Amino acid sequence: MNNHMTSKAFINGVEHKVAMYKTPNFTFGKIATCSMICVFLLCMYGIYKSCAIPSQDLQIIYDYCLHPLVVQYVGNMASHWPASYDATLALYRDNKRWIHEGSLDVPEMLLDRFGQAYFHRLGQLRPYFRDAYFVHELCGWKAATVHDPFSEVDCDMAWQEFTQFLAMDHIDPSCWFIDVTLKFGKENHVVTWHHDGHSTLLQHCLPLLEADAIDNLMECPSFYIDHAMHLLDLTSFHSSPGPRGKDDKVTYIQAYTTEKSTSYQIHQGLFTPIDSQSLLTTNKL
């Protein structure tokens, strides 16, 4: 067992359960700012070495599936859509070849028929486009339903707000993973984990396991040590307990520190890693 969501995929015509992130997929659209919609091509799994969808397939999907349906369903609004896949890239790609995605609308009352027609036509284009399905990813909900955990009314209102976009009667609760996070700190102090405390943390997270089972878990390949700043005593860890966590309903445990928050950047900046060749150039000095 792992903490990755799984879904079916076909390998040589045989159905398998695979991690969804390994299934070829692409972004289809979004609903306001709360939901991103992706199309998963389960029959394409394993056809290419990478799970990335080749550009020639994306071109077929746009030119012979998406755009013709836009013309058919949205009428005059289709004039806002690029006429071909190549025209789309030319419109949204900048001089550095970065893609800046635009936003084009399909009216809400057409979505049901549009989606059904989309998959019908998609399955006719290539055998590995068949049996595709939509995946909805809720976005922007972090800290959006803050509530009093000791108030049943408050908890219920937060739950209703979070699930208002979901068809709950179609959801299997056994497929859900709940991520519980606890933060520890002390004012004006730096708090980190000591390697001697790993077993204590595991015993707290897996109370039904005996001490010997905890020791065995720490010796198995699914238990990873994460050293902080190359100091052997200061170590975080992450672990997938597998069958050992079944009784406690735990699939993943991670104890980590936030020391990287002072230097982590998603852009090129002061803390960007520098390779050895860059150290030999004067503009890097």
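Two strands are said to pair if DSSP finds at least two bridges between them, while helices (H or I, at least four residues) and strands (E, at least two) are themselves DSSP runs, numbered from the N terminus. This is a predicted model, in which local features need pLDDT of at least 70 and side-chain atom pairs count only at pLDDT 80 or more, whereas totals for chains, interfaces and linings use all residues. Residues are numbered from 1 along each chain as its sequence is written, and side-chain values use heavy atoms, with hydrogens and water left out.

**Stop 1**

Select β3 together with strand β4 (residues 35–40), and you will find two antiparallel strands joined by 6 bridges.

**Stop 2: the aromatic rings**

Next, show the side chains of Phe28, Tyr118, Phe119 and Phe134, which ring pairs link into a cluster. Rings of Phe, Tyr and Trp (its six-membered ring) pair if their centres lie within 6.5 Å, and planes under 30 degrees apart count as stacked, over 60 as edge-to-face and the rest as tilted. The structure holds 10 aromatic pairs. In one of them, the rings of Tyr118 and Phe119 have centres 5.7 Å apart and planes at 70°, so this pair is edge-to-face. Is Tyr118 buried or exposed? At 1% relative accessibility Tyr118 counts as buried, whereas Phe119, with a relative accessible area of 23%, is partly exposed; here buried means under 20% relative accessible area, exposed over 50%, and partly exposed in between (1.4 Å probe, protein chains only).

Then move to Trp159 and Phe162, whose ring centres lie 6.5 Å apart with planes at 40°, so the pair is tilted. These two residues are 3 residues apart in helix α4 (residues 152–162), and are therefore separated by about one helical turn. Trp159 is partly exposed at 40% relative accessibility, and Phe162 is partly exposed at 26%.

**Stop 3: two crossing helices**

Select helix α1 (residues 55–74) and helix α2 (residues 85–92), whose axes come within 8 Å and cross at roughly 105°; such axes are lines fitted to C-alpha atoms, for helices over the stretch in contact, and angles run from 0 to 180 degrees between N-to-C directions. The two helices α1 and α2 are therefore roughly perpendicular to each other, a term used for 65 to 115 degrees, while angles under 35 count as roughly parallel, over 145 as roughly antiparallel and the rest as oblique. The contact (heavy atoms within 4.5 Å) is made by residues including Leu58 and Tyr62 of α1 and Tyr85 of α2.

**Stop 4: the sheet with β6, β7 and β8**

Finally, select the open sheet of 3 strands with the order β6-β7-β8 and antiparallel pairing. Its edge strands are β6 (223–228) and β8 (253–255), each of which pairs on one side only. Helix α5 (residues 198–205) packs on this sheet and touches β6, β7 and β8, with its direction making about 20° with that of β7. Between β6 and β7 there are 6 bridges in the antiparallel sense, and in their hairpin, which has 2 residues between the strands, Met229 takes a positive phi near 55°.
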